[in-house]
Amino acid sequence: MTETHGRGREETQEERADRQWSELLQELRVAQTGVQILFGFMLAVVFQERFTDLVEVDRNIYVVTVMLGAATAATLIGPVSYHRLLTGRRMKPQTVIWASRMTVLGLVLLFCTMCSTLLLILRVALHNQLALWLVGGMALWFLLCWFGFPLWAVAKGRSGPRVDDTDDTDDGDDRGSDRA
């Protein structure tokens with residue numbers, strides 16, 4: 001059963017799930033690489049001679065950062081495990097939905113990891129309150145780039161349902177036909 005959405009794409013639910021899964025994998029590759037590199041560097045910090053010179057607050061920030069990095073890695077790698085364990089069970093659409101949710105959670109955790117990493121580095125580098133202001137400014141920038149701009153584009157571009165929703169109807173409305 002092929003569905004049309006008035007948006008120039010005809011595909012079955014399975015074809016849509018395959019396409020969405022492929023797109024999600026590409027997104028995850030970008031995020032996972034960055035997380036793994038950041039996490040690797042954070043793990044090495046504890047073995048540096050100067051680590052013992054850190055004040056207790058900075059050590060606590062380090063521990064929180066490492067735990068956030070581990071949680072981020074687990075969450076962004078999770079969709080691969082989810083897919084592998086469910087392959088062949090005719091659950092691709094549900095797999096895509098849950099993997100997408102895990103990816104959004106992973107981005108939130110990555111946001112927290114990046115802010116925590118910046119806080120630790122800038123506290124050590126600057127030894128003053130400017131570190132908090134810089135991290136706050138960068139946190140706002142991350143929020144704008146990762147969530148604000150996409151949400152603004154949705155609000156400005158169209159107010160209807162997502163094109164990829166399974167319960168779409170063809171209403172002849174071509175707003176938002178330039179898909180992201």
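At 12% relative accessibility, F142 counts as buried, since buried means under 20% relative accessible area, exposed over 50% and partly exposed in between, with a 1.4 Å probe and protein chains only. The model is predicted, so local features need pLDDT of at least 70 and side-chain atom pairs count only at pLDDT 80 or more, while totals for chains, interfaces and linings use all residues. Residues are numbered from 1 along each chain as its sequence is written, and side-chain values use heavy atoms, with hydrogens and water left out.

**Exercise 1.** Classify the ring pair of W141 and F149.

Solution. Rings of Phe, Tyr and Trp (its six-membered ring) pair if their centres lie within 6.5 Å, and planes under 30 degrees apart count as stacked, over 60 as edge-to-face and the rest as tilted. A search of the whole structure finds four aromatic pairs. Among them, W141 and F149 lie 6.2 Å centre to centre with 80° between the planes, which is edge-to-face. W141 is partly exposed, at 47% relative accessibility, and F149 is likewise partly exposed, at 42%.

**Exercise 2.** Classify the ring pair of F142 and W146, and find the cluster that holds these residues.

Solution. The ring centres of F142 and W146 are 5.0 Å apart and the planes meet at 45°, so this pair is tilted. Because F142 and W146 are four residues apart in helix α4, about one helical turn separates them. W146 counts as partly exposed because its relative accessibility is 27%. Together with F111, the residues F142 and W146 form one aromatic cluster.

Key. Helix = DSSP H or I, 4+ residues; strand = E, 2+ residues; numbered from the N terminus.
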